[in-house]
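Subject: Structure handover

Hello,

The structure you asked about is below, followed by notes on what was found in it. Please read the notes with the model open.

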Amino acid sequence: MKPPVAVLPPTPADLPPVGDPGRWAALQRLRRQALLDAASWVVAIELGEISLQADLIAVLAPHLDGGMACRLLDCWLARWPGEAAIPSLIGGCRDPRWAERLRQALNEEGGDRQVLLLPLLGHQRDPTDFSLLSARLCDPGPLPLRQAALEALSVGLSAWPRDRLRQALAEVVRDLHPGLAASALDLLARLPCARADLLRLSRHPLAPSLEPRLRRRLSALPAAPLLLLVHGRSGGRIPTELESLATDLEQRRGAAVQLLALTDPRLPCPPPAEPLAPVATLVPLLLLPGGHVRQDLPRLTAEMRRRFPLRRLPFLGSWPLWQRALAAEVRELAASVDTAGAPLLLHHPLQGPLAERFLSLLSRRCGAVCLPASFEDATALPWRHEGRRGAHPAVLPLALAANRLTDSLLALAPGMGAMPLLQRPRLRQVLLETLEGLP
C-alpha cells in the first residue's frame, strides 16, 4: 500500500487568482499551517506578485505582528479604493507600532478612510487616544465619522477616563441625530453606576424617540434599598428634615429607604427581607470624622454584615461633591447676610490629628473658619464682633437637621442665617439627587 502523498501548503506563487475554483482549497491548506510564514506573503503583496484580498488577509491575520500590519495598511492605502474589510482584518493586534501608524493615518487620510480606521484605534485601549476619539464624536462633522468614533469608544470601553467618557456620551445623547444619540445612551447605560447618569439625563428634555429607551434602560437598573445612618435624638427619634428627605428619596428611587439612628438602642436592624433583592447600601449621613465615624460606624457595619449582605459608602462629609456644595452655600451666605469677619462653620468639638487635618481641609475648601461649638448653649461661643457694632459673622452650623445648637443660634441672632443644612434648598437638592442616583 502506497503511503499518502503529503499535500504541501501553497506558496505565494502557487496561490490561484480570485475566481479560480481552486483558491478556496489552497487557502484552507494555508490556514491549517501551524507555523505559517506570514512575512513572505506580505513581501509578495508589497511587490505586487499577488493581490491584496480579504480572503487571503483573513488567513494571514493571526500570524501578523505590528510591523507587518503597518506594511499591509500602507499597501491598502496606496491601492485605494480597496476592499473595505481589510483594515478590520489586520487591525486586531495590539502593538505600539501599529497604534502609532493608525494615529498617523487618521491625521492624514480623508473621511471615507477614517471611518474604517477609527474603530481600530479602540482595539488599542490606550487612554491617550480618548481625546482624539471624543473630538471626532462630539465635534460637528459627517455622521459616519461620528459613528465610527462611537464604535471605537465602545470597543475600548473600559480603558477610557471614566468621567470624561460620561460627559462625552451625555453630550451626544442630547444630540440632534436620534440614531447617534440612541447608541450613545446604550453605551452610557453599560458603564458602572450608570443609574446616576441616566437619571440626570431624564431631568432634561430629550428627543421624543429617546424617552422610552431611557425608561427601559433605567428599569433595567433597579435601585437597591438604602439605609441612611444618622445621629438622631435621644431614644432614636428622627428629626423632621431627615424623615422628609427619606420620604422624597423613596418615591424618587422606587426602592425602600430606611432611617437608622445611632441613638436607637435597637441598632442594628436589618432591612425587610426580599428574595433576590439587591444588596442594601449603608449611607452614613455623618459630617465629621468624630467618634461615630471612627469607632461606631466600623463596629455597626461589621455587626450588620454578620446578619445580612451590605454595601457601605464613606461618610457624607468626606464626599467631594458635598464639600463643593457646602462651599457654594458658604459663599452665598456670606454675600447675603449682614456679616462681620469670615464666615464660621460651627462643628461638634473633635480631637486627634485626623480631625485636625479634616477640619483644615474643609476650611480651605469652603473659605470659612471652622470653630468648635458646644451643642448645649450658643451664648457660650467665643464670638469676635468685628466691624460695625452689633454685626455678627455669617454662621453655618454643620448639622443636617435642627438641634439645640441651631435653635439657640436662631434665637440669639436671627440675621446670621444659622439654619440646619437640610433646610437650605441647595444642599437638600444636592443630597437628594446624589442619593437618588446611587445604584
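**Notes on the model**

L89 is part of helix α5, residues 86–90 (helices are DSSP runs of H or I with at least four residues, strands are runs of E with at least two, both numbered from the N terminus). This is a predicted model, in which local features need pLDDT of at least 70 and side-chain atom pairs count only at pLDDT 80 or more, while totals for chains, interfaces and linings use all residues. Residues are numbered from 1 along each chain as its sequence is written, and side-chain values use heavy atoms, with hydrogens and water left out.

L89 counts as partly exposed because its relative accessibility is 28% (buried is under 20% relative accessible area, exposed over 50%, partly exposed in between, with a 1.4 Å probe and protein chains only). Leaving aside residues up to four places away in sequence, L89 touches A54, I57, A58 and A61 (contact means heavy atoms within 4.5 Å). A54 is 35 residues from L89 along the chain, and their C-alpha atoms are 7.7 Å apart.

**Overall**

The protein has 19 helices and seven strands. Of its 439 residues, 48% are buried. Among contacts between residues at least 6 apart in sequence, 71% join residues at least 24 apart.

**Cores**

The largest nonpolar core has 73 residues (a core is a set of buried Ala, Val, Leu, Ile, Met, Phe, Trp, Tyr and Cys residues joined through side-chain atoms within 4.5 Å). L56, W98, L137, L169 and L201 have the most contacts inside this core. A second, separate core has 57 residues, including L229, L242, A368 and L435.

**Pocket**

The volume of the largest pocket is about 970 Å³. On a 1 Å grid over the protein atoms alone, a pocket is an open set of points where a 1.4 Å probe fits, with protein on both sides within 12 Å along at least five of seven lines; lining residues have an atom within 4 Å of a point. Points are joined across faces, edges and corners, and the volume is the space filled by probe spheres set on them.

The lining of the largest pocket has 28 residues, and A196, D197, R200, L321 and T434 are the closest to its centre. Two or more lining residues come from each of α10 (162–173), α12 (194–202), α16 (320–336) and α19 (425–436). The most, five residues, come from α12.

Regards
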